[in-house]
Amino acid sequence: MQSQVISGHACRITVGAWIPKPATTRVAAVGCLRTAAASGGGAVTDGGNLLWRRQLRPSLLIGPLRKVRKEESSGFRPCQSAAASPAEGSGDDAEVAAPVGFAEKYPALVTGFFFFMWYFLNVIFNILNKKIYNYFPYPYFVSVIHLFVGVVYCLVSWSVGLPKRAPIDSNLLKLLIPVAVCHGLGHVTSNVSFAAVAVSFTHTIKALEPFFNAAASQFILGQQIPLTLWLSLAPVVLGVSIASLTELSFNWTGFISAMISNISFTYRSIYSKKAMTGMDSTNVYAYISIIALIVCIPPAIIVEGPALMKHGFADAIAKVGLTKFISDLFWVGMFYHLYNQLATNTLERVAPLTHAVGNVLKRVFVIGFSIIVFGNKISTQTGIGTVIAIAGVAIYSLIKARMEEEKRKLKAA
């Protein structure tokens, strides 16, 4: 403190830069106040202690005093030297680093976990799905169950706000309906193929999907496809042809259904590009699932309804029991929805090139595990054709992903 003047019932205190004082200064200041009080300033109340490094309030020291103006009282705040070292107490003002979460600390492990769960759920879905068809060969009804369980999952998630439901209007609904119709048709025909032939053969045929995508982009959307991309598709066509000619479980229902599925998913991709919205992928997939479920129910009732009511349900329950039958249908629906959701989440975490490679490896895993689990016998030619087709898909995916990456860099520049 620089000075203290106390006169009559008024007190004015001027405080300069706040610098720590030795103990002798504090004693002198207290003594000055006591002397002034004894000379007529009034008695010092019990609350009138002088606090070091705190705002001094004269009204507590001497009777009725004037209120200190705001601009004066603001100067009583203790200030600390900017050059103070941690040893002098400046450590309290040091910035504390925000805690780093596991996902930020180990991003590679988290991404690897997403890939693992994507593969795991996909393999489990395909195996359980095929086991159901071995005692309940009704793919239209099972396809409806897949979508129904997924829709219930989405509705429950919306109800608890994970995620928050995005609003939808008539314009957005018109854009999503074609996507959902193609999604439903592709899903049903894929399951018809799964029920008719070996899982490995269906996935080999579905390796032709990039060929249909390229053809649609070239002849429907008018996009120019480079020659290198067309050439990379030649091994895919050749491999599928070899595998089909020598597949032991081959039948035309399974083959044609898988081809229709390829065409349906190709048109789904086309309509998806036209229906690009600001809505997050989780909500978009939820709305597509709801619409697809509505689309798939009538064909299931028409095609399989009479047989199901007559003996379909009874035969399945007689073979495995009611509890296992319901449990299998529930879990296959959950695995279907979750693996599709994980595929979307994985795509959001990695570059398109990495996702393309992962998608090819996923198909290899599914084919390999289905052969091991079900003990499917495949000829040498089928094995060679499958390997050629998968290799062609890998080459196509790499070229396509690099092209997309170059387009993004050009737009960013």
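In helix 7, the residues Val-199, Ser-200, Phe-201, Thr-202, His-203, Thr-204, Ile-205 and Lys-206 are buried, where buried means under 20% relative accessible area, exposed means over 50% and partly exposed lies in between, for a 1.4 Å probe and protein chains only. Because 8 of the 8 residues of helix 7 (residues 199-206) are buried, this helix is largely enclosed by the rest of the structure. The structure is a predicted model, in which local features need pLDDT of at least 70 and side-chain atom pairs count only at pLDDT 80 or more, while totals for chains, interfaces and linings use all residues. Residues are numbered from 1 along each chain as its sequence is written, and side-chain values use heavy atoms, with hydrogens and water left out.

The chain contains 14 helices and 2 strands; helices (H or I, at least four residues) and strands (E, at least two) are DSSP runs, numbered from the N terminus. Of its 413 residues, 40% are buried. Contact is defined as heavy atoms within 4.5 Å. Among contacts between residues at least 6 apart in sequence, 82% join residues at least 24 apart.

Helix 7 packs on helix 10 (residues 252-274), and the axes of the two come within 9 Å and cross at roughly 40°. Axes are lines fitted to C-alpha atoms, for helices over the stretch in contact, and angles run from 0 to 180 degrees between N-to-C directions. Helix 7 is therefore oblique to helix 10, given that angles under 35 degrees count as roughly parallel, over 145 as roughly antiparallel, 65 to 115 as roughly perpendicular and the rest as oblique. The crossing of helix 7 and helix 10 is right-handed; a crossing has this hand if the near helix is turned clockwise from the far one by less than a right angle, and is left-handed if anticlockwise. On the helix 7 side, Phe-201, Ile-205 and Lys-206 meet Gly-254, Phe-255, Ala-258, Met-259, Ser-261, Asn-262 and Phe-265 of helix 10. The residues of this contact divide into 6 nonpolar, 3 polar and 1 charged, with Ala, Val, Leu, Ile, Met, Phe, Trp, Tyr, Cys and Pro counted as nonpolar, Asp, Glu, Lys and Arg as charged, and the others, Gly among them, as polar.

Helix 10 also packs with helix 8 (residues 209-219), at an angle of about 45° and with the axes 9 Å apart. Helix 8 and helix 10 are therefore oblique to each other, and their crossing is right-handed. Helix 8 contributes Glu-209, Phe-212, Asn-213 and Ala-216 to the contact, and helix 10 contributes Met-259, Asn-262, Ile-263, Phe-265, Thr-266, Ser-269 and Ile-270. By class, the residues of this contact are 6 nonpolar, 4 polar and 1 charged.

Cys-182 is buried, with a relative accessible area of 11%. Apart from neighbours within four places in sequence, Cys-182 is in contact with Ser-264, Tyr-267, Arg-268 and Tyr-271. Cys-182 and Ser-269 are 87 residues apart in sequence, yet their C-alpha atoms are 9.0 Å apart in space.

A nonpolar core is a set of buried Ala, Val, Leu, Ile, Met, Phe, Trp, Tyr and Cys residues joined through side-chain atoms within 4.5 Å. The largest such core has 44 residues, of which Trp-118, Ile-132, Phe-136, Phe-141 and Leu-329 touch the most other members. Two or more residues come from each of helix 4 (107-135), helix 5 (139-159), helix 6 (170-196), helix 11 (281-320) and helix 12 (322-349). Helix 4 gives the most, with 13 residues. Leu-329 touches Ile-132, Phe-141, Val-142, Ile-145 and Val-149, not counting residues up to four places away in sequence. A second, separate core of 22 residues includes Ile-225, Val-360, Ile-367 and Tyr-396.

Helix 4 packs against helix 12 at an angle of about 150°, with the axes 8 Å apart. These two helices are therefore roughly antiparallel to each other, and their crossing is left-handed. The contact has 22 nonpolar, 5 polar and 3 charged residues. Helix 4 also holds Asn-129, which counts as buried at 1% relative accessibility. Leaving aside neighbours within four places in sequence, Asn-129 is in contact with Val-142, His-146, Asn-191, Phe-194 and Val-332.

Finally, the peptide bond from Leu-162 to Pro-163 is cis, with omega near 0°. Pro-163 lies in the loop between helix 5 and helix 6. In general, most peptide bonds are trans.
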